[in-house]
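This briefing is meant to be read beside the sequence and the coordinates.

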Amino acid sequence: MAKPVQVTVSSPTNIAVIKYWGKRDAKANTPINSSVSITINQRDLRTVTTVTASKEFSKDRLWLNGTEESVADNKRVLAVFREVRARAGDRVDSTTGEVAVKAADWASMRVYVVSANNFPTAAGLASSAAGYAALAHALGELMCYTGSLDELSAVARQGSGSACRSLHGGFVAWDMGAKADGTDSMARQVAPAEHWPELDVLILVVSDAKKTVSSTSGMDTSIKTSKLLAHRAASVVPERMVRMEAAYLARDFAAFAELAMADSNQFHSTCLDTYPPIFYMNDVSRAVIQVVHAFNSACGETRAGYTFDAGPNAVLLTRKEHTAQLLAAVLAFFPPSAEAEAGFVNDAALRAQAAKAGQPAGLPALLAKMAPLKGLVKKVYHTDVGPGAHPLDDAESLATPNGLPHAPPPPPAGATWGIQLAWALGLGYPLACIGGALMGK
Ligand code: DP6
């Protein structure tokens, strides 16, 4: 029996600073406008995916965060498989130098996919972006995809639009393209993360619940009912794309952050203009917006920006020299509940710096009428811009050599009854992934 072939990759999520909203063609998953994003550092948030191929497997299988999902019923997953198989290449064994799998043989080899996120799925943290980028990249590595990374991004796009921007690191544009088959609708790297290392990110988790209106169905209703969306795609985004790329390349923080805020606000306006309206932001999100604008006024310059995807969580943008001060403002207006206190910020050193830095002097007076909203921000992730999807060592594989998910590890020693129950219910595997990732493992 030929040995199964296995590859493990890690893929980042990304946050759009010019948003994609609306499909030109639902089948090809092409957008009505171009968009641009920063790639979030995988040190903090990532999806790991292990793919294993064998002639012995009778069907493709997929486990997501420890639970098996149907491949046959998932058109997006099927599209990614189909596209990678269509351009598969010969796989050469690195030790023997011999062809281990011929390009033509991939069509008859089935694949097991094991994938896990270290952050809440579908909570507006673009988990589908990381997930489909990881799937396309893992299958691409496994089957020795013969196209370029930009072309592979067009494959990831068919899983989820925003996923095409997660293959590259740094600052990434998704050019909408013009062809009906979507082959020119793909991502390109504008600049790597090293271009602007000062750029910093705080993610405020307002809710980790699954969103009520998926991006796909929200876009569909917006396309059908919002005139503002049509105007945005035709007349607003094209010039914003040019200005945004220029701001990033010039490392002009004020221009970058102001455009990101304006574009997030316009995206959420198109949601309100959709009939019936869609509400992704909530009162806490709007309070975050108020605090950021007051913070900038108190500083006398734009030191922070915000952007919100299809959920209430805030992504705050700043420069590393101002992160501690911004975090101090966040902690002053959104203090953690007593239960969330420990580990509220994933970066203890930054929290200590924030305590020293304090919020800007004039801020409390500007927000005198706003009482602190205790416990409404659940968690703060400090992160920054990082590299794109990349392969991992075999030691980080999520699967056995036969492609099946590793059995969940035993509950941690001294676990509370709640944790023991979670393990008994089969949640041990995702919890272990989350815990391991947050602890930097
Ligand atoms: C608000 O990429 O999740 O995050 O292509 O239907 O899977 P599908 O949509 P998806 O939409 C993301 C929308 C957004 C904006 C963005 O990321 O550009």
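This is a predicted model: local features need pLDDT of at least 70, side-chain atom pairs count only at pLDDT 80 or more; totals for chains, interfaces and linings use all residues.

Asparagine 29 sits in the loop that joins strand S3 (23-25) to strand S4 (30-31), and its phi is near 55°, a positive value in a residue other than glycine.

**Ligand surroundings**

- The ligand is surrounded by 18 residues, and the closest of these are Tyr20, Lys23, Ser160, Gly161 and Ser162.
- In arginine 165 the side chain is involved, with an N or O atom 2.7 Å from an oxygen atom of the ligand.
- Threonine 216 likewise has a side-chain N or O atom that is 2.7 Å from an oxygen atom of the ligand.

**Helices H5 and H6**

- Helix H5 (residues 227-249) and helix H6 (residues 253-273) pack with their axes 10 Å apart and at an angle of about 165°; because angles over 145 degrees count as roughly antiparallel, H5 and H6 are therefore described as roughly antiparallel to each other.
- The crossing of H5 and H6 is left-handed.
- On the H5 side, the contact is made by Lys227, Leu228, Leu229, Arg232, Val236, Arg240, Arg243, Met244, Ala247 and Tyr248, and these meet Ala255, Phe256, Leu259, Ala260, Ala262, Asp263, Gln266, Ser269, Thr270 and Asp273 of H6.
- Sorted by class, the residues in the contact of H5 with H6 comprise 11 nonpolar, 3 polar and 6 charged.

**Helices H7 and H8**

- The axes of helix H7 (residues 283-299) and helix H8 (residues 323-333) come within 11 Å, crossing at roughly 130°, and H7 and H8 are therefore oblique to each other.
- The handedness of the crossing between H7 and H8 is right-handed.
- H7 contributes Val291, Phe295 and Cys299 to the contact, while H8 contributes Gln325, Leu326, Ala329 and Phe333.
- This contact of H7 with H8 contains 6 nonpolar residues and 1 polar residue, with no charged residues.

**Helices H8 and H9**

- H8 also packs with helix H9 (residues 348-357), the two axes coming within 8 Å and crossing at roughly 80°; since angles of 65 to 115 degrees count as roughly perpendicular, H8 is roughly perpendicular to H9.
- Thr323, Ala324, Gln325, Leu327, Ala328 and Leu331 of H8 are in contact with Leu350, Arg351, Gln353, Ala354 and Ala357 of H9.
- By class, 7 nonpolar, 3 polar and 1 charged residues make up the contact of H8 with H9.
- Gln325 of H8 takes part in the contact with H7, and Gln325 is also listed in the contact with H9.

Key
Residues are numbered from 1 along each chain as its sequence is written. Side-chain values use heavy atoms; hydrogens and water are left out. Axes are lines fitted to C-alpha atoms, for helices over the stretch in contact, and angles run from 0 to 180 degrees between N-to-C directions. Helices (H or I, at least four residues) and strands (E, at least two) are DSSP runs, numbered from the N terminus. Angles under 35 degrees count as roughly parallel, over 145 as roughly antiparallel, 65 to 115 as roughly perpendicular and the rest as oblique. A crossing is left-handed if the near helix is turned anticlockwise from the far one by less than a right angle, and right-handed if clockwise. Contact means heavy atoms within 4.5 Å. Ala, Val, Leu, Ile, Met, Phe, Trp, Tyr, Cys and Pro count as nonpolar, Asp, Glu, Lys and Arg as charged, and the others, Gly among them, as polar. A residue is near a molecule or strand if one of its heavy atoms lies within 4 Å of it. A polar contact is a pair of N or O atoms within 3.5 Å; within protein, one must be able to donate a hydrogen and the other to accept it, and residues adjacent in sequence count only if both atoms are side-chain atoms.
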